[in-house]
Structures are given as structure tokens and as C-alpha cells.
Amino acid sequence: MHVVDSHTGGMPTRVILSGGPDLGHGSLAEQAKLLARDHQDFCNAVLLEPRGQPGMVAALLVEPKDQNSATGVIYFDASAVLGMCGHGTIGLVVTLAHLGKISHGTHQIETPAGVVRAELHSTHSVSVTNVESHCLQRDVALEVPGHGRVRGDLAYGGNWFFITDVLDQDIGPQNLEALTALSIAIRAACHAQRVEGPEAQPVDHVILSGMSANKGALRRNFVLSPDDEYDRSPCGTGSSAFVACLAAAGQLRPEEEIVLESVIGSAYRVSYVPGSGGGVVPTLTGAAHVMAESTLIFSPEDPFQKGITF
Ligand code: PYC
């Protein structure tokens, strides 16, 4: 299996160029469902240690439906197939350019959540215009066992988010354990109290939004991914959901640009234009760096051929 690894603001993406499972010829959303249902061993083998690393997201290339698209892609982490992935799309575009498959300019990319556009500005810098994003419920009250009442917003940015302000908390690498525990408890409370999308889509990510010490950044956000890892990048789909909520609250104007930081201090510039479905169409700009080109070997004699699963 030929893979190329990159990171976007510290968050790793493994682009799978060959050797993935046959997912048929359905829509990307149907192929994503098959991947989640039938190929967990494959996902584990690619992302878990010893071949993968904590937090890593894979980008499985698939045939696009529209020949004008640069590619189709299905993103997954170690425990879930994602609708979309912003850091992964920045990593994918820088990787495809590194391989000589695309050049500077705008490229259409198909994902299970819909078509996104990515503009490669230079070797590392990419802007992604995401799917339309929505703030679905504002100021929801959630009882979180062990933490009390938490208020926040339910939002969609290609994945499903619960977003809450924690302005008194230190959003930094020294506080990861407490931030992770709180966000896992919030996600469990969302599931228990049926805070979910209109078709019962479960919250799969949680954003704890704090203040940034950097005057140029509006917020510093801790983002929990489905695999219980924190996003090292500011999270593209999370930043999209976040600006949808700022827009819904009248706190961000169309085309006004803000900077959102990750828990480790990497940053995206983010803005939006109004969407046709009542939400916002966000654009986020960040940078990725290619780290490795490898051939993964899965020998049947290897006791950890399927990754370390405990
Ligand atoms: O950047 O959208 C994102 C993302 C989702 C999960 C990890 N990163």
C-alpha cells in the first residue's frame, strides 16, 4: 500500500494512493458507509500503531463522479469514517502537488459530505471552501455528569459538533488530560440527551473554545475527534461549524476574516459567505508539509498486522 504522510498545523494525514478496499461504484456517501461497516480491520491497520500514530486521519482516494474533480476522497480516523476533513483536505492538496498530480490553482474535490473547493496558493498554503455549514441549535443546556450544566451550540461543518465556551480554562498542551476528559463527557451527554442532527446524526466532535493569548487570534479551540484524540490543527470542519455559530449569533459578518488557533497554537484564517440553504459557506486557509512517502507492508506473519487494538 503506497501512502504519503503530511501534517497540517501538526495534525497528520495519511493519503492512501493504492491498496485500499473495493467500495463499489455507489455515491461517496454510500462508499463511506461500506468502509465503516465492512473494513474496520483495514482502517485499524493503516492508522493504529505500530504503522500509524495517535490522531492520524487517513484520506482514501476514490474515483470522482465528476471528471472535473481532481479526486474523490473518504477520510477516516481510528474509530470513525468522517463526512469531511479540513486539515485532511489541506494535506491532500499539498500531497497531490508534491506528487506532481496537480498544480497551483483551484481544484474540486468530492467528499461524502459534498463537493469542496481547494485553492493551492504555494507549495504549502491552501484555502479550502467547505460544504455549507449550519448552526442548528443555539444555547442548548446539557447536564454533564461530574461537570454540571454546560451550555453550547449544536452545529454542522461536514461533521457534527457541540461547541461550548470555556473562557476560564487554559486551552494549551499542559491541560490536555482535563480538556479531553471534559469533552468526552460532553459528547456522552449529547448522546444520552439526544442532542443530535435532524436525522439523528450523533455529535462526533466537541469544541471547547477558550481565549487566545495571541492578539491576532479570536479564539483558541480544543477539538475532540471521534477516536478520543485531540485535533492538533484548528479543525477545518470544526472551524466551519464555529463560524456558522458566530454568524448565527450576529458576531461575524460575511467575508470578515478571523484567526482560529488549535490547542497547540497552529492557526487557520477563516471567513464565510452566506449559503443558499440558510447557513454559511466557510473558507479556511492553512498550511501542510509532506513528511514521508512509504510502502506499508501487512505481512500475515506479523502479530500486529491489524494494528495494536487494545
Ligand atoms: O480538520 O476537519 C478537520 C478534522 C476533522 C477531524 C480531524 N480534523
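How do the residues of the shell around the ligand divide into nonpolar, polar and charged? There are five nonpolar, seven polar and one charged, where Ala, Val, Leu, Ile, Met, Phe, Trp, Tyr, Cys and Pro count as nonpolar, Asp, Glu, Lys and Arg as charged, and the others, Gly among them, as polar.

A quick word on what you're looking at: this is a predicted model, in which local features need pLDDT of at least 70, side-chain atom pairs count only at pLDDT 80 or more, and totals for chains, interfaces and linings use all residues. Residues are numbered from 1 along each chain as its sequence is written.

**Around the ligand**

In total, 13 residues surround the ligand, and the closest are Cys85, Gly86, His87, Gly236 and Thr237. A residue counts as near if its C-beta atom, placed from the backbone, lies within 6 Å of the molecule. Helix 3 (86-98) and helix 5 (236-248) are the elements that give two or more residues to this shell; helices are DSSP runs of H or I with at least four residues, strands are E runs of at least two, and both are numbered from the N terminus. Domain 1 and domain 2 each supply at least three residues of the shell.

**The two domains**

The bounds below come from an automatic or database domain assignment.

| Domain | Residues |
|---|---|
| domain 1 | 2-130 + 291-295 |
| domain 2 | 134-274 |

Their centres, taken over C-alpha atoms, sit 23 Å apart. Across the boundary, 20 residues of domain 1 are in contact with 20 residues of domain 2, contact being C-beta atoms, placed from the backbone, within 7 Å. On the domain 1 side, helix 3 brings the largest share, three residues. That side divides into nine nonpolar, 10 polar and one charged.

**Valine 263**

Valine 263 belongs to the loop between strand 13 (258-262) and strand 14 (267-274). Is valine 263 buried or exposed? Buried, because 25 other C-beta atoms lie within 10 Å. Leaving aside neighbours within four places in sequence, its contacts are Ile171, Gly172, Pro173, Arg220, Phe222 and Tyr230.

Terms used. Buried ≥ 20, exposed ≤ 12 C-beta atoms within 10 Å, placed from the backbone. Contact = placed C-beta atoms within 7 Å.
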